[in-house]
Amino acid sequence: MNQRKQSVNDILVEIVDVVVTKVNPAGQNTVILDRISFSAREGEITGVIGPSGSGKSTLIRLVNRLDEPSEGRIFLNGENISGIDPLLLRQKVAMVLQKPFMFEGTLLENLQRPFVFRNFTPPSAGSNEISRVLDLVQLSPEMLTRDARSLSGGEQQRVNLARALISHPEVLLLDEPTSALDRPSTARLATMLSNICRSERLAIIVVTHDLYLAEHIVDHLIYLEHGKIIEEGAGAQMLAKPQTKAFRSFLAEPERNKNASS
Ligand code: ADP
Ligand code: MG
């Protein structure tokens with residue numbers, strides 16, 4: 001008998017019946033997200049894929065209040081985020097963008113930035129906080145004195161990730177984190193995200209057009225089209241056996257989504 005109980009991770013983010021409407025350039029109200037509900041669990045990677053313009057970026061921006069829903073609710077650990085100060089929320093829900101952004105100065109100064117920004121004493125080069133995030137993203141302490149802008153694209157993306165992790169977030173949002181990376185850097189970042197997600201018990205929500213990420217590291221996958229969830233399930237399984245015509249034709253034409261810019 002194979003009755004081994006599957007352990008179910010706790011829900012960290014719960015999105016309930018969310019609608020986003022915006023005024024388009026022609027002055028008309030358009031629905032960007034249409035009754036979206038799903039949950040992201042700790043220690044799991046939730047992937048969001050879909051064609052350009054399907055609402056992926058808008059969806060994750062809601063989770064740290066860079067955008068606000070027109071209807072519906074979003075909960076973090078059971079608490080409605082509409083009542084949480086956005087700056088406080090963003091310490092718990094960190095975001096990593098598509099293009100790595102480096103502040104002027106060294107790698108160390110870039111990692112100290114979140115502390116300086118909040119008027120806290122920044123951790124020093126030898127501190128546990130700095131060592132911890134360097135370990136997580138596999139950057140060597142010798143690199144701390146390097147000019148951050150002189151680092152490679154893959155290294156800069158890892159600095160971005162380290163800077164997001166330094167505040168001990170509970171949720172990590174990533175918007176197309178590999179779109180500027182080559183295949184080896186993508187594979188490396190993917191393994192890293194997967195390890196960090198497990199070791200830090202984070203809920204990761206990643207928007208991606210990269211089927212490599214979807215197949216290799218995503219636990220729970222959501223396929224979005226025109227602001228609606230068309231298909232949802234376990235990542236690799238869903239890619240192997242798409243259930244809807246829409247998702248099948250998306251998979252047949254992966255290039256269609258490549259130019260998503262935000
Ligand atoms: P994706 O990330 O999937 O490419 P986005 O979430 O960026 O999609 O955008 C979804 C749709 O919402 C697009 O049609 C875009 O033009 C529209 N949109 C995004 N932001 C705004 C805004 N601030 N005002 C009006 N329309 C917007
Ligand atoms: Mg986008």
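Mentor: Let me begin with a definition: axes are lines fitted to C-alpha atoms, for helices over the stretch in contact, and angles run from 0 to 180 degrees between N-to-C directions. Please also keep in mind that this is a predicted model.

Trainee: Which residues make the contact?

Mentor: On the α3 side they are Leu108, Leu111 and Phe115, while α4 brings Glu129, Ile130, Val133 and Leu134. Sorted by class, the contact of α3 with α4 has six nonpolar residues, no polar ones and one charged residue.

Trainee: Switching to the sheet, in what order do its strands run?

Mentor: The order is β6-β7-β8-β3-β9-β10, an open sheet of six strands with mixed pairing. Because β6 (93–96) and β10 (228–234) stand at the edges with a single partner strand each, one side of each is left without a neighbour in the sheet. On average, and with direction ignored, neighbouring strands of this sheet are turned by 15 degrees against each other.

Trainee: And β7 with β8, parallel or antiparallel?

Mentor: Strand β7, residues 171–175, pairs with β8 in the parallel sense, over five bridges. Leu173, for instance, has Ile205 in β8 as its bridge partner.

Trainee: Which strands does α1 touch?

Mentor: Helix α1, residues 56–63, packs on the sheet and touches β3 (44–49), β6, β7, β8 and β9, with its direction making about 155 degrees with that of β7. Helix α6 lies across β3, β7 and β8, and runs at about 135 degrees to β3.

Trainee: New topic: how many salt bridges does the structure hold?

Mentor: There are nine salt bridges in the structure. In one of them the side chains of Glu71 and Arg35 meet, at 2.7 Å from N to O. Glu71 lies in strand β4 (residues 71–76) and Arg35 in strand β2 (residues 29–41), so this pair ties together parts that are 36 residues apart in sequence. Glu71 is partly exposed, with a relative accessible area of 40%, and Arg35 is partly exposed too, at 45%.

Trainee: What about Asp210, buried or exposed?

Mentor: Asp210 counts as buried, at 9% relative accessibility, since the cut-off for buried is under 20% relative accessible area. Its side chain meets that of Arg183 in a salt bridge of 3.7 Å, N to O. The pair links distant parts of the chain, with Asp210 in the loop between β8 (203–207) and α7 (211–216) and Arg183 in helix α6 (residues 183–199), 27 residues apart. Arg183 is partly exposed, with a relative accessible area of 46%.

Trainee: And which residues are joined into one network?

Mentor: Those are Lys22, Arg61 and Asp67, joined by salt bridges that share partners.

Trainee: Last one: where is Ile217 found?

Mentor: Ile217 is found in the loop between α7 and β9 (220–225), and at 7% relative accessibility Ile217 counts as buried. Leaving aside its neighbours within four places in sequence, Ile217 is in contact with Ile45, Ala190, Leu193 and Ser194. The C-alpha atoms of Ile217 and Met143, which are 74 residues apart along the chain, are separated by 28 Å.

Notes: Residues are numbered from 1 along each chain as its sequence is written. Chains are lettered from A and ligands numbered from 1 in the order in which they are written. This is a predicted model: local features need pLDDT of at least 70, side-chain atom pairs count only at pLDDT 80 or more; totals for chains, interfaces and linings use all residues. Side-chain values use heavy atoms; hydrogens and water are left out. Contact means heavy atoms within 4.5 Å. Helices (H or I, at least four residues) and strands (E, at least two) are DSSP runs, numbered from the N terminus. Ala, Val, Leu, Ile, Met, Phe, Trp, Tyr, Cys and Pro count as nonpolar, Asp, Glu, Lys and Arg as charged, and the others, Gly among them, as polar. A salt bridge is a side-chain nitrogen of Lys or Arg within 4 Å of a carboxyl oxygen of Asp or Glu. Buried means under 20% relative accessible area, exposed over 50%, partly exposed in between (1.4 Å probe, protein chains only). Two strands pair if DSSP finds at least two bridges between them.
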